[in-house]
Amino acid sequence: MKICFATNNQKKLDEIRDILGDEYDILSLQDIGCHEELAETQKTLEGNSAQKAEYVHQTYGVDCFADDTGLEVYALDGEPGVYSARYAGPGRDNEANIRKLLERLADKKDRRAQFRTVISLIIDGKLRQFEGCIKGEIIDEKKGTAGFGYDPVFVPSGESLTFAQMGSSKKNDISHRALAVAKLIKFLKKKK
């Protein structure tokens, strides 16, 4: 089955391809001729993922899915949330985002957080959404070099390593994105 993953983030694309395996031919935006940055102007993860999927489906006429992911920190009333990628500004700078997060948490004892992913799928002209969520906590300093985004400071509940320390194989088994993708796969298998 061919389906487009509406993202310009190569690391997300690689992660999704690893999770889905050879059963699906995951096309990139470049594969379908889309070279622009997709808008994310909604106030929720659900809204942003739907906005991207709907744009790609309407403009390029392909079945597709898009995701939006946010890190939601309890002591910061859900920040950075929908603004996770642009927390420190429009440049999408992972290092600056982590610095800002750790600065905002410097005097907070409650370090609980959750990563939440919402995938919007458009297939047969219908929109469906799938959510994955993993709880954990934010540590005081970065650990590990794998992954991307906030992975070096997020330790999932029940684990002792950050996402960035555990490597892609383990992360792709337990992550928020993996949980959402598992729901997506279950749905796609019913469509076959």
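**View 1. Helices α4 and α5 of this predicted model pack with their axes within 8 Å of each other, crossing at roughly 10°.** Helices here are DSSP runs of H or I with at least four residues, strands are runs of E with at least two, and both are numbered from the N terminus; axes are lines fitted to C-alpha atoms, for helices over the stretch in contact, and angles run from 0 to 180 degrees between N-to-C directions. The crossing makes α4 roughly parallel to α5, a description that applies to angles under 35 degrees, while those over 145 count as roughly antiparallel, 65 to 115 as roughly perpendicular and the rest as oblique. The contact, meaning heavy atoms within 4.5 Å, is made by Phe163, Asn172, Asp173 and Ile174 of α4 and by His176, Ala178 and Leu179 of α5. Its residues divide into 4 nonpolar, 2 polar and 1 charged, where Ala, Val, Leu, Ile, Met, Phe, Trp, Tyr, Cys and Pro count as nonpolar, Asp, Glu, Lys and Arg as charged, and the others, Gly among them, as polar. Because the model is predicted, local features need pLDDT of at least 70 and side-chain atom pairs count only at pLDDT 80 or more, whereas totals for chains, interfaces and linings use all residues. Residues are numbered from 1 along each chain as its sequence is written, and side-chain values use heavy atoms, with hydrogens and water left out.

**View 2. Helix α5 covers residues 176–191, and its end C-alpha atoms are 23 Å apart.** The expected span is 1.5 Å times one less than the number of residues, so the 16 residues of α5 should span 22 Å, which agrees with the model. Among the buried residues of α5 are Arg177, Val181, Leu184, Phe187 and Leu188, buried meaning under 20% relative accessible area, exposed over 50% and partly exposed in between, with a 1.4 Å probe and protein chains only. The buried residues of α5 pack against α1 (10–20), β3 (64–73), β4 (112–123), β5 (126–138) and α4 (163–174).

**View 3. Six strands form an open sheet in the order β2-β1-β3-β4-β5-β6, with mixed pairing.** Two strands pair if DSSP finds at least two bridges between them. The edge strands, each pairing on one side only, are β2 (25–27) and β6 (154–156), and the twist averages 35° from one strand to the next. Helix α4 packs on the sheet, touching β4, β5 and β6, and its direction makes about 45° with that of β6. Helix α5 packs on the sheet as well, touching β3, β4 and β5, with a direction at about 25° to that of β4.

**View 4. Strand β4 is largely enclosed by the rest of the structure, because 11 of its 12 residues are buried.** Strand β4 runs antiparallel to β3, to which 10 bridges join it, and Val118 of β4 is the bridge partner of Asp68. Strands β4 and β5 also run antiparallel, joined by 12 bridges, and Lys135 in β5 is the bridge partner of Gln114. The hairpin of β4 and β5 has 2 residues between the strands, and there Asp124 takes a positive phi near 55°.

**View 5. Ile123 is found in strand β4 and stands opposite Lys126 in β5.** Its relative accessibility is 5%, so Ile123 counts as buried. Leaving aside neighbours within four places in sequence, Ile123 is in contact with Met1, Asp63, Arg128, Phe187, Leu188 and Lys191. Ile123 and Phe65 lie 58 residues apart in sequence and 8.4 Å apart in space, C-alpha to C-alpha.
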